[in-house]
Amino acid sequence: MKRIILILLVFIASQVSAQDAKMNAFISGLMAKMTLEEKIGQLNLITPGWGIPTGSVVSTDVEGKIKSGKVGGMFGVIGAEKVRQAQDMAVKSTRLKIPLMFGSDVIHGHKTIFPIPLGISCSWDTALIRHSAIVAAEEATADGLNWVFSPMVDVSRDPRWGRVSEGSGEDPFLGSQIAASMVKGYQGASLADKKTVLACVKHFALYGAAEGGRDYNSVDINRTRMYNDYLSPYKAAVDAGVATIMTSFNDIDGVPATGNKWLLSDLLRRDWKFNGMIVSDYTSVNEMSNHRLGNLQEVSAMAIRAGLDMDMVGEGFLTTLKKSLEEKRISLADIDRACRKVLEAKYKAGLFDDPYRYIDESRKSEILTQAKRDFARSIATQSFVLLKNTNNTLPIKKSQRIALVGPLANDRSNMLGTWAVSGDPQLSVPVMEGLMKQTSSSVNIAYAKGANLTDDSVLAKQANVFGMRAEIDKRTPAAMLEEALAIARSSDVVVAVVGEASEMSGEAASRSDITLPPSQVKLIHALYATGKPVVLVIMSGRPLALTNVVDGASSILQTWHAGIEAGNAIADVLYGVVNPSGKLSMSFPYSVGQVPVYHSQKTTGRPMDPNNKFSTKYLDVPNGPLYPFGFGLSYTQFSYSDIRLSANSMNATGSITATVTLTNTGFRDGAEVVQLYIEDKVRSITPPAKELKGFQKVFLKAGEAKTISFTIDVNLLKFWNSELKHVAEPGAFEVWIGGSSAEVKTAGFTLMK
Ligand code: BGC
């Protein structure tokens, strides 16, 4: 058997190297014909602003540039007809007929918009997440695209940062699993397949650690923390074969990522063996001048020398590289390398075989199909996290009279969430509509807006940059409130749909106050005062500080921004058609003053002790979060047995199996995410309190029990030490298994020398 596998592996390896050799020969042949200007042209990625621009500048003289070979790829051009138009210019009018690549920010679906990525990550279901990327790729390619700027894998522990909405939360282990699943989903078995796309993992690196949670801000992280806590999702994407990688806006060790040789050449290319293409973020080459690293020529030279291949929008490469070559600031080898990487990406996507491969107007029928919408609905239900549910207020019985209130209760414009550049909010389902569809006609659902998303016109204006998202009603707040209270009083249950407008999170949407806006808090408290059970449905792009609204709520369902099928999915869960099973991928703080608060915090030299003044703590809030990482309730209950370990010690070549019995002790079928954490009792550098090292999502019928096992080998015990070596150190470890990072069973074992 082993021999057969070996022969098979050798065969596959030889096929791969034969393919590489063929690609290399093709590209070498092509490059031999290219002028210096044509090579530099390939490094230029432009956006004409025909779609939605995602930065403050857009490219000019697009047609002239394409026809004169000054463009390598485009984004923001959506739809087979438009893409064909642009591809025609490249293929029919340029000397060497090199096709363009076409990218887009397909972040959580293309036109069939799924929940925001932070929401999707709360499903902890990597097969489902992979499938979401497959569906998105199919739809994007049906619209002429062959490259997506996703997955975004920046670990972040700061909910002030608006872009936490685009990522998978605070944990590097969960983030790595999701990163790999997304890449595999997008890229499939072959990049040249008409239904797969080149993925682009971003933002390399550490963008999620912006100081103060303020977007684009500086990052300052020491190396061990960087390696142990932040880098692994990017690495997982590289190991999964991601075709391209995007640099980030921030600096690392004082050097912007886009021009950081250590990051791009030493770590990414040399250590991680990444052999795909590296693209800058939107004008991030130019922005190195604002970081004060020199003028455009100097920073462009620095970026290409550092290892950057493609320049997004800013045209620093296009306008200065020739001069820098003449002045010997860069070498021809730098330009050749970058050009080769761009051409390789196109080659892998099959564009040299057929530049029109992804341009097929007849595939329009694959966009926004009912099947895709059904999938969007089902993945949305999996992303919701039930944070509170007293007296089984949820699920709501179909006979109950609902007072549906809140600024997001009958809203379409915010359902898609941030970064849905090709999505049409008008196609989304509001909660009101979703509930109505599932309610018998004899039961009345009364609706009142109750409050504005915000009464603050300055905040509203900022949320309305891409269209009206936070409309300030013409009625007075008092009149709106009175209307809501009147219907609440004559209801059986109040469902208050509150939260953030979609553009209150996302890029350039940091907030220093992450509570619900005062207009909504006022509404919620007034609803509590009616004495009716109140269910809060919270839509947001980040964990909010919910402390001031938690106590009076009977139930809280965190739905994030749930995508095109939001209303239907929310109705599914409120009515109990689907039992919620999401678990938080990011901790919810008591207050912003605790931030960063995350499950793997270190214990410190003076661990928390309520009876000791001189221990690590706040005077006014607990150390831990309001809702911890991994937490999420269900309409049923699960119980965990004690942990059974197959042995109490192991050596570096062995393994231990940790087993629990999980029982669904409630009356409904449901799914539970069983989580494995490991605590390193003694380490040569300070370890996190505990680290997530495994999880399994398990479905159990009411009353059913299952045995769940995790295999622990030395790889799970490794960390990056102060010499940046990946090691496991002998000694005592504690295994934690449970349904959240805060509720666990434990057992100990020893790693022997
Ligand atoms: C964002 C990227 C995005 C790019 C292109 C930038 O502003 O940081 O995430 O892919 O724009 O739209």
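Author: Strand β3 (residues 101–104) is joined to β4 by 2 bridges, and the two run parallel. The model is predicted, so local features need pLDDT of at least 70 and side-chain atom pairs count only at pLDDT 80 or more, while totals for chains, interfaces and linings use all residues. Residues are numbered from 1 along each chain as its sequence is written, and side-chain values use heavy atoms, with hydrogens and water left out.

Reader: Why are β3 and β4 called paired?

Author: Two strands pair if DSSP finds at least two bridges between them. There are 2 bridges between β3 and β4, so the pair meets that definition. In β4, W147 stands opposite G103. Strands themselves are DSSP runs of E with at least two residues, and helices are runs of H or I with at least four, numbered from the N terminus.

Reader: What makes β4 and β10 the edge strands?

Author: The open sheet has 5 strands in the order β4-β3-β2-β1-β10, with parallel pairing. Both β4 (147–148) and β10 (311–312) pair on one side only.

Reader: Why is C339 called buried?

Author: Buried means under 20% relative accessible area, exposed over 50%, and partly exposed in between (1.4 Å probe, protein chains only). C339 has a relative accessible area of 0%, and therefore counts as buried. C122 is buried as well, with a relative accessible area of 0%.

Reader: What makes the link between E138 and K195 a salt bridge?

Author: A salt bridge is a side-chain nitrogen of Lys or Arg within 4 Å of a carboxyl oxygen of Asp or Glu. The closest N and O atoms of E138 and K195 are 3.8 Å apart, and the pair forms a salt bridge. E138 lies in helix α6 (residues 126–141) and K195 in the loop between α7 (172–187) and β5 (200–204), 57 residues apart. The structure holds 45 salt bridges.

Reader: Why is E138 called partly exposed?

Author: E138 has a relative accessible area of 23%, so the term partly exposed applies. K195 is partly exposed too, at 36% relative accessibility.

Reader: How do you know that R157 and D229 tie together separate parts of the sequence?

Author: R157 lies in the loop between β4 and α7, and D229 in helix α8 (residues 223–230), so their pair ties together parts that are 72 residues apart in sequence. The closest N and O atoms of this salt bridge are 3.1 Å apart. Both residues, R157 and D229, are buried.

Reader: Why is R269 called buried?

Author: R269 has 19% relative accessibility and so counts as buried. R269 meets D309 in a salt bridge of 2.8 Å, N to O. D309 is buried, with a relative accessible area of 0%.

Reader: What makes Q594 buried?

Author: The relative accessible area of Q594 is 2%, and therefore Q594 is buried. Q594 lies in the loop between α21 (566–574) and β17 (638–640). A polar atom of the Q594 side chain lies 2.8 Å from the backbone oxygen of G624.

Technical notes. A polar contact is a pair of N or O atoms within 3.5 Å; within protein, one must be able to donate a hydrogen and the other to accept it, and residues adjacent in sequence count only if both atoms are side-chain atoms.
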